[in-house]
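We will go stop by stop.

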Amino acid sequence: MSIIVNSTPLISLAIIHQLDLLQRIFGDVVLPRAVFNEVIKEGKGKAGYSQLSNIDWFRVIDVANIELKRSIKVQLDEGEAEVITVAKDQKISLVCIDEFAGRQYASLLGLDVIGTLGILLIAKRRGYIPVIKPLCDKLISNERFISRALYDDVLYKAGE
């Protein structure tokens, strides 16, 4: 199964040292060029960079449909616009986006959306990680925003 990933989930998973979950769960992990540039080329010295820069199993794709990207970029940032554009171009239905506006836009275009915490839930259900709470707490302590309601909901779904 293929998944196209935006920068925030990549960085978040790198912060908690769980990047390998993407490959273990989905197999084919696609990064649009803008996301790759943001986290790898321009991310030096930023959170998660050292883990991200050592990964070689991402498949990087350039946007072909510039018009679609431009129309989406009116509402979203470049990374999210490329995630959605590449998904539509490549006929990949699953995208990983954490930001609310990007998630809504992708859903409106018929894409299936998952975020960092959704990946952690799948990983726990499959036995790849034993618990989610310490990982959520580490994300929060590293200035990743998780609302109290979402935090409680995820822990409830995880049985924690």
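Which residue forms a salt bridge with Asp137? Select Lys133: Lys133 and Asp137 form the bridge, with their closest N and O atoms 2.9 Å apart. A salt bridge here is a side-chain nitrogen of Lys or Arg within 4 Å of a carboxyl oxygen of Asp or Glu.

Some ground rules before moving on. This is a predicted model, in which local features need pLDDT of at least 70 and side-chain atom pairs count only at pLDDT 80 or more, while totals for chains, interfaces and linings use all residues. Residues are numbered from 1 along each chain as its sequence is written, and side-chain values use heavy atoms, with hydrogens and water left out.

**Stop 1: helix α9**

Stay on the pair. Asp137 and Lys133 both sit in helix α9 (residues 133–141), four residues apart, which is about one turn of the helix. Helices (H or I, at least four residues) and strands (E, at least two) are DSSP runs, numbered from the N terminus. Asp137 counts as partly exposed, at 30% relative accessibility. Lys133 is also partly exposed, at 38%. The scale: buried means under 20% relative accessible area, exposed over 50%, and partly exposed in between (1.4 Å probe, protein chains only).

**Stop 2**

A search of the whole structure finds 11 salt bridges. Select Glu67 and Arg70. Their closest N and O atoms are 2.8 Å apart. Both belong to helix α5 (residues 66–73); they are three residues apart, so about one helical turn separates them. Glu67 is exposed, at 54% relative accessibility.

Now select Glu160 and Lys124. This salt bridge has its closest N and O atoms 3.0 Å apart. Glu160 lies in the segment after α10 and Lys124 in helix α8, so the pair ties together parts 36 residues apart in sequence. Glu160 is partly exposed, at 34%.

**Stop 3: the largest pocket**

Turn on a surface. About 510 Å³ of space lies in the largest pocket. Of its 20 lining residues, select the closest to the centre: Asp98, Arg103, Leu117, Phe145 and Leu150. By class, the lining has eight nonpolar, six polar and six charged residues.

How these terms are set:
- On a 1 Å grid over the protein atoms alone, a pocket is an open set of points with protein on both sides within 12 Å along at least five of seven lines; a cavity is a set where a 1.4 Å probe fits but cannot get out, and lining residues have an atom within 4 Å of a point.
- Grid points are joined across faces, edges and corners, and the volume is the space filled by probe spheres set on the points.
- Ala, Val, Leu, Ile, Met, Phe, Trp, Tyr, Cys and Pro count as nonpolar; Asp, Glu, Lys and Arg as charged; the others, Gly among them, as polar.

**Stop 4: the cysteines**

How many disulfides are there? The count is zero, where a disulfide is a pair of cysteine sulfur atoms within 2.5 Å. Select Cys96: the nearest cysteine sulfur, that of Cys136, is 14 Å away. That is too far for a bond. Cys96 is buried, at 0% relative accessibility. Cys136 is buried too, with a relative accessible area of 0%.

**Stop 5**

Go to Asn6, in the loop between β1 (2–5) and α1. Is Asn6 buried or exposed? Asn6 is buried, at 1% relative accessibility. Leaving aside neighbours within four places in sequence, Asn6 is in contact (heavy atoms within 4.5 Å) with Val35, Gly79, Glu80, Val83, Cys96, Ile97 and Glu99.

Next, select Thr85 in helix α6 (residues 78–90). Thr85 is buried, at 0%. Not counting residues up to four places away in sequence, Thr85 touches Val63, Asn65, Leu68, Lys69 and Ile72.

**Stop 6: two positive phi values**

Select His17, in the loop between α1 and α2 (20–26). Its phi is near 55°, a positive value in a residue other than glycine. His17 is partly exposed, at 47%. Finish at Glu143, in the loop between α9 and α10. Phi of Glu143 is near 65°, again positive in a non-glycine residue. Glu143 is exposed, at 73%.
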